[in-house]
Amino acid sequence: MAPLKSYLCTAKKGAAVRAGCELSTAQVQPEIDNGWLVDVSEEQENSKGTVRLHIVAYTKADGAKTACDCWGSKKLFEFKGTVEAAPAAAPPAAPA
């Protein structure tokens, strides 16, 4: 699986998000506010040629992180880098 990417919402009025990549899908809550960070699992171009981000978590300005499953327009976000994966658990030590 590709590493998650992190984006910052730069839209002054926030970014409305949808249940799927296409603009015809239902809008869902919450709207991602300016200054929130989002973790993105993939980018996809919809049928209108708009690049959409598959958002799997958002972090509010106060630091509260919440898992989600929604899509937002890439033009409303600024790329911040990749999200480091949680370190893998160390394998158990071999018995001596």
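Lys80 has a relative accessible area of 48%, so this residue counts as partly exposed (buried means under 20% relative accessible area, exposed over 50%, and partly exposed in between, with a 1.4 Å probe and protein chains only). Its partner in a salt bridge is Glu78, with 3.9 Å between the closest N and O atoms. Glu78 is partly exposed too, at 38%. A salt bridge here is a side-chain nitrogen of Lys or Arg within 4 Å of a carboxyl oxygen of Asp or Glu.

A word on the source: this is a predicted model, in which local features need pLDDT of at least 70, side-chain atom pairs count only at pLDDT 80 or more, and totals for chains, interfaces and linings use all residues. Residues are numbered from 1 along each chain as its sequence is written, and side-chain values use heavy atoms, leaving out hydrogens and water.

Now turn to Glu43. How many salt bridges does the structure hold? There are four, and one of them pairs Lys5 with Glu43, the closest N and O atoms lying 3.8 Å apart. Because Lys5 sits in strand E1 (residues 5-9) and Glu43 in strand E4 (residues 37-45), this pair ties together parts that are 38 residues apart in sequence. Strands (E, at least two residues) are DSSP runs, numbered from the N terminus.

Glu43 also meets Lys74 in a salt bridge, at 2.9 Å from N to O. Lys74 lies in the loop between strand E6 (65-73) and strand E7 (77-82), so its pairing with Glu43 in strand E4 links parts 31 residues apart in sequence. Lys74 is partly exposed at 30% relative accessibility.

Definitions and conventions. Helix = DSSP H or I, 4+ residues; strand = E, 2+ residues; numbered from the N terminus.
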